[in-house]
Amino acid sequence: MREEEKKPTSTIRRILKQRWALSAIYIASAAIILAAAFLLQNSFDDSAKDGKEESAETGKNYGEPSVEVNSNLETIKMPVADADKSVIKKQFYDVNADEKAQEEALVFYNNRYEQNKGIDIAMEDGKSFDVKASLSGNVTKIQDDALLGNLVEVEHEDGVVTRYQSVKDIKVAVGDKVKQGQAIATAGKSQINEEAGVHVHFEIRKDNIALNPLDFVDKQASAIQSATEAEADKEETPAVEGSEADKETPAVEGSEADKEETPAVEGSEADKEETPAVDETDEGTDLESGTDEEGSVPGEDTTEESDSLKDSLNQSN
């Protein structure tokens, strides 16, 4: 038993006593260490590259005004705290509305009529109220205007802008980020629409085109983009252009050309101008009347000659 236990140990010792044993162990250990270091280095490089790419993507929009990521998912609200207690003093001027509705949506000032580009909202009791942000966005413009009323403009995604006019006590500044329902000003008055009293003039614009706010209240902001795209498709339908082209058919032009350039008409005109029948009828009338070209009657000459012959014969007898 003792001899069997000593055999493995003696074999390892015998190998270690060889001259090449230590060198082989050293080389194998170095190879393992280098391989491990190489793998670790590659893993560090990959993680560093991923980090740089992510930071570069994040830094692309640095310095641009931030907008709520989910602003298109918000539901557009009236710019008042309690919409049930509000009244609309002046409607939006809709080009597709009837004549009466269009007249009611006109603003008269200084002997001029102006189309109302938004809606004028007031409270039933006529008192002042806080003007709320209809959608989340960034304040891009604040303007003092005694005629139209002070203005606050808020920009949203996809070229959508909400405007609040006839306000006072403005609570925000250009560059501020506002949330939906946040108080941005207090309702006031304007000289151009004194009939409305204390109110706010509220507009929704898409690419600087005024839209009727009542068409989008209680709808998601993405509905504005869908509506404008549908309207653009209606205006650019090829069927309308084709119908206009059909009105100018070449058949009409060909018929006009045929009328103007028919050889039959020209030939008939030439025949009328150069017909010898006119001369023949003149000569025919001369013959029927029994006169020659000088107006003499040929029959009378022959009679006179016959009478003179008779007289000469009688004298000779």
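Where is Asn116 placed? I found Asn116 in the loop between β3 (112–115) and β4 (119–123). Helices here are DSSP runs of H or I with at least four residues, strands are runs of E with at least two, and both are numbered from the N terminus.

**Ground rules.** I am working with a predicted model, where local features need pLDDT of at least 70 and side-chain atom pairs count only at pLDDT 80 or more, while totals for chains, interfaces and linings use all residues. Residues are numbered from 1 along each chain as its sequence is written, and side-chain values use heavy atoms, with hydrogens and water left out.

**Asn116, continued.** Is Asn116 buried or exposed? I noted it as buried, because its relative accessibility is 4%; the cut-offs are under 20% relative accessible area for buried, over 50% for exposed, and partly exposed in between, with a 1.4 Å probe and protein chains only. I then looked up its contacts (heavy atoms within 4.5 Å). Beyond the neighbours within four places in sequence, Asn116 touches Lys90, Gln91, Phe92, Tyr93, Ala105, Val107 and His201.

**The whole protein.** I counted nine helices and 12 strands. Of the 317 residues, 23% are buried. Among contacts between residues at least 6 apart in sequence, 64% join residues at least 24 apart.

For Val131, leaving out residues up to four places away in sequence, I listed partners including Pro79, Tyr164, Val167, Ile184 and Val200.

**Strand pairing.** What does β6 pair with? I found β7, in the antiparallel sense over five bridges; pairing needs at least two DSSP bridges between the strands. Val139 has Val154 of β7 as its bridge partner. The two strands form a hairpin with six residues between them, and Gly149 in the turn has a positive phi of about 95°. Strand β6 (residues 137–143) also runs antiparallel to β9 (residues 177–178), joined by two bridges, and there Asn138 stands opposite Lys177.

**Aromatic rings.** I logged two aromatic pairs. Rings of Phe, Tyr and Trp (its six-membered ring) pair if their centres lie within 6.5 Å; planes under 30 degrees apart count as stacked, over 60 as edge-to-face and the rest as tilted. Phe108 and Tyr113 make a tilted pair, 4.7 Å centre to centre with 50° between the planes. Phe108 is partly exposed at 44% relative accessibility, and Tyr113 is exposed at 58%.

**Loop residues.** Asp94 sits in the loop between β1 (86–90) and α3 (99–104) and is partly exposed at 28%. Its C-alpha is 8.9 Å from that of Gln115, 21 residues away in sequence. Ala83, in the loop between α2 (19–59) and β1, is partly exposed at 37%.
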